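The sequence and the structure are shown first.

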Amino acid sequence: MLKTISIRLFTSLLVILGSLVLVFVIVYLLPGDPVMSMVDPSTVTPEVLASLRAQLGVDRPLYEQFGSYVSKVLQGDFGKSIVNDDPVLPKIIAHLPATLALTAASCLIAAVVGIWLGVLSAIHRDRWIDITARVVGLFGISMPTFWSGILLILLFSITLDWFPAMGSEGWKTLVLPSIGLGIVGAGFVVRLVRNSMLEVINEPFIVTLRAKGISEKLVMYRHALRNALIPALTMIGVLSGDLLAGTVVIETVFSRQGIGRVISDALMSKDLPVVQGVVFFSAIMYVIINLIVDLSYRIIDPRVRRSQ
Amino acid sequence: MLKKRSSLKIMIALTTALILVLSGCAGTNKGSSTSDGAASVSETNTAAASEPAKGGELTYALATSPDTLDPHRSGLAVAVRAIRTIHDSLVAQLPDGSIQPWLAEEWTVSEDGKSYTFKLRQDVKFHDGTPFNAEAVKYNYDRILNPETKAANSAALIRPYKSAEVLDEYTIKLNLETPSNAFLGNLSQALVSIVSPTAAQKYGDQLGKNPVGTGPFKFVSWEENSQITVERNPDYKWAPPLVENKEAPYLDKVVFKIVPEEATRIGSVQSGQVLAGETIPPQNILALKKDEKLQLFQSNTQGLPYTLFINQSKAPWNELKARQALQTAIDVDAIVKTLYLGTYDRAWSPLTPGTFGYDKSLEGGVKPDLDKANALLDELGYVLGADGIRTKDGKKLTLHYVDGSPNREKRNDIAAIIQQQLKQIGVTVEVEITKDVRTVVYENGNYDIYGNSQVNSDPEALRSFYHSSAVNVSGKQNLPGYKNTEVDSWIDQGLIEKDPVKRQELYANVQKAIIEQAVIIPIYVFPYTIAASKSVTDIKFDSLAYPLFNDAFIQK
């Protein structure tokens with residue numbers, strides 16, 4: 001058990017370091033000049049540019065920049081934004097809660113709605129509940145989030161005035177964006193849970209349970225669902241990464257604070273230190289979520305527990 | 001299986017229809033119930049019949065996030081909306097172009113035009129209690145020149161400023177390298193407004209997060225990507241002649257909310273979640289005019305309109321005839337009417353109509369004429385092929401059109417229409433949309449047409465686009481690659497000519513030459529547009545079309 005976890009932690013560290021290297025190289029290879037985004041290109045003089053470059057250290061070779069960056073990160077110094085000199089770490093810490101809340105809420109919606117509809121749809125195969133669930137699933141998957149986000153605003157904010165269209169203060173502002181994002185995840189989960197439920201339902205052990213005279217509800221929710229949950233859980237683990245990425249769009253549509261917007265702004269202006277900082281934190285979060293998913297298999301499935 | 005498929009399709013169709021109906025209702029309900037109420041579109045303010053009501057909080061949705069609130073370091077127009085509430089300038093420029101006192105009571109210009117002596121107001125204090133005086137002004141302008149400040153934009157604005165001498169506590173002399181008519185006007189701009197020297201020293205490069213000025217509002221807080229809050233400065237009594245209220249503003253607070261998504265921004269104004277929102281697109285302007293709960297405030301920006309610069313350093317655009325072919329083949333009227341539905345004005349000159357020196361005689365001058373355009377290309381030896389594309393020496397006539405924004409103000413749609421229009425004369429247009437215009441346009445010069453605009457208060461703005469000595473960062477030519485010694489000398493004379501009538505003539509010459517030689521294709525004049533709830537009264541604009549909140553109040 002301890003060994004498994006320590007191996008997992010070690011590989012997680014590799015993933016985080018790998019993502020840092022990758023981002024460093026990609027941003028370095030992109031055309032354009034970060035310093036140019038700080039100034040008005042039609043008026044700035046070459047001397048000002050040169051001094052800015054030296055100040056930021058972007059005139060040094062890549063490996064030197066990377067080396068000094070990693071050593072600083074280890075000391076907890078993530079550098080400053082080149083756009084407005086904001087220190088990166090406090091910026092991320094300030095924006096992280098809003099994004100975490102959004103990701104968690106939409107994961108919850110994806111899981112609850114997805115599993116519930118998936119089970120219903122498998123139990124009532126080919127009846128109207130099944131068809132509705134599958135339509136909802138298809139919708140969730142195929143609607144781009146900016147579009148569903150705007151529809152939600154149009155309906156629940158402007159027309160009905162139930163929830164605010166923008167902002168990130170209080171639980172009310174969380175409702176529409178997490179529905180907008182969660183419905184995508186729900187779409188995937190519905191399909192998956194439905195399929196694996198259908199598979200499980202026809203397995204011999206279910207037939208046996210039924211033959212024993214155990215109530216249909218208990219068979220479905222206690223025994224069949226438990227078996228169908230494993231793939232769903234893996235899916236939700238993967239989805240959490242997608243949802244994290246989805247916050248970039250949703251946070252912009254709903255004018256929320258969050259690291260999704262921080263990174264999209266930073267990418268636009270080639271704000272290297274900020275991009276690296278956010279990627280670093282996203283990698284950590286992704287790794288943590290996957291760790292949790294892996295560990296929770298052991299709780300749900302006794303086979304996984306025993307095999308270790 | 002077949003049955004399952006078709007019921008699925010029906011469900012999709014029904015759900016889609018339901019959503020469309022629901023969202024459609026949202027629009028029509030409001031539209032039909034209020035179609036009789038004509039919304040007021042006012043150039044400067046609404047009927048100011050009612051007595052200003054004190055207090056209240058004005059929420060104002062901005063389209064993008066400001067970069068910094070340090071005026072000297074900012075490069076974004078959106079930041080200026082907030083910067084202007086916190087900071088004052090030495091002088092004010094009225095929409096008619098005249099320069100009026102603000103923090104400076106009066107001034108004299110030396111005979112050679114190279115030094116300006118300002119008498120400053122003696123009753124002004126910064127928000128942090130620091131007294132405003134000649135030392136503070138000197139500190140500010142020296143700060144802009146200091147490379148440590150990284151003040152690239154404001155540094156360009158105070159050029160050719162050289163040094164300041166403090167003559168006594170409230171008198172300061174500013175020395176210039178060379179005389180400049182644009183200098184005073186530029187001092188009126190928000191990017192060279194005055195910050196508290198105490199705060200600038202205390203916060204250093206973090207001043208942008210803790211701005212301190214002498215303005216009508218004091219900075220309270222900035223939650224990044226969310227909102228900026230400023231509150232009334234009760235001691236304020238030095239408002240510029242741009243506004244009526246010379247005392248502290250009526251509003252308790254202005255809260256700038258950052259709402260990048262257009263639909264959300266407009267929706268928030270419509271639902272009353274914010275009282276005002278900026279940058280309203282044309283199709284919404286028409287709809288909002290019909291909404292009796294809302295009103296529009298609009299002001300045309302000054303400086304350079306949205307202009308397509310034709311790159312003369314590339315063949316065949318170095319030939320006048322080729323450029324004229326573009327000029328006559330592109331139907332600007334059709335573009336502006338189609339895309340902006342009559343809410344934007346068409347541009348005719350390298351300058352916008354409000355700018356000093358604007359040459360009105362250019363209006364209506366260039367007319368679309370496909371026959372002429374075709375004839376011009378024929379003369380250049382480009383032969384129309386079977387595929388409808390012109391070729392010469394086996395090379396197809398293509399035009400590389402670069403745009404730098406993801407459809408800001410429908411600029412990408414302009415490119416698309418021009419693509420269609422130029423097809424009619426056998427020119428293929430390749431459109432490249434890239435955020436990285438700095439590399440593509442300014443460093444590599446890889447464009448035949450590139451569109452840009454610039455907000456400015458003085459025709460001196462023409463220099464960095466049309467003077468042959470103007471080079472960009474990479475030491476490359478000005479945008480159109482234009483070299484004309486006559487135009488150079490007019491721009492140079494315009495900078496020092498004291499007689500306004502003669503100065504006007506010089507700039508008229510520049511504008512005529514640029515249009516005659518088809519250096520550019522001017523497209524539209526951008527109107528800064530705010531949609532606001534009817535209760536919001538008296539938002540005013542400065543000469544650059546930035547909003548001022550000194551007179552604004554919320555009707556109870």
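## Chain B and selected residues

In chain B of this predicted model, residues 24 or more positions apart account for 70% of the contacts with a separation of 6 or more. The secondary structure of chain B consists of 16 helices and 27 strands. Of the 556 residues in chain B, 57% are buried. The accessible surface of chain B comes to about 21700 Å², and carbon and sulfur atoms contribute 52% of that area.

Aromatic side chains are considered next. Over all chains, the structure holds 27 aromatic pairs. One of them is formed by F309(B) and F465(B) and is stacked, with 5.4 Å centre to centre and 15° between the planes. F309(B) belongs to strand β14 (residues 303-310) of chain B, while F465(B) belongs to helix α14 (residues 463-466) of chain B, so the pair ties together parts that are 156 residues apart in sequence. F309(B) has 0% relative accessibility and therefore counts as buried. F465(B), at 2% relative accessibility, also counts as buried.

Chain B also contains an aromatic cluster formed by Y306(B), Y340(B), Y344(B), Y524(B) and F526(B).

Q295(B) is part of strand β13 (residues 294-300) of chain B. Is Q295(B) buried or exposed? Its relative accessibility is 2%, and Q295(B) therefore counts as buried, since the cut-off for this class is under 20%. The side chain of Q295(B) reaches the backbone oxygen of V536(B) at 2.4 Å.

In chain A, V279(A) lies in helix α11 (residues 272-300). At 17% relative accessibility, V279(A) counts as buried, because burial requires a value under 20%. Which residues does V279(A) contact, leaving aside its neighbours within four places in sequence? They are S19(A), V23(A) and I263(A). The C-alpha atoms of V279(A) and L20(A) are 7.2 Å apart, although 259 residues separate the two along the chain.

Technical notes
Residues are numbered from 1 along each chain as its sequence is written. Chains are lettered from A and ligands numbered from 1 in the order in which they are written. This is a predicted model: local features need pLDDT of at least 70, side-chain atom pairs count only at pLDDT 80 or more; totals for chains, interfaces and linings use all residues. Side-chain values use heavy atoms; hydrogens and water are left out. Rings of Phe, Tyr and Trp (its six-membered ring) pair if their centres lie within 6.5 Å; planes under 30 degrees apart count as stacked, over 60 as edge-to-face and the rest as tilted. Helices (H or I, at least four residues) and strands (E, at least two) are DSSP runs, numbered from the N terminus. Buried means under 20% relative accessible area, exposed over 50%, partly exposed in between (1.4 Å probe, protein chains only). Contact means heavy atoms within 4.5 Å. A polar contact is a pair of N or O atoms within 3.5 Å; within protein, one must be able to donate a hydrogen and the other to accept it, and residues adjacent in sequence count only if both atoms are side-chain atoms. Accessible areas come from the Shrake-Rupley method with a 1.4 Å probe; for residues, only the protein chains shown count as cover.
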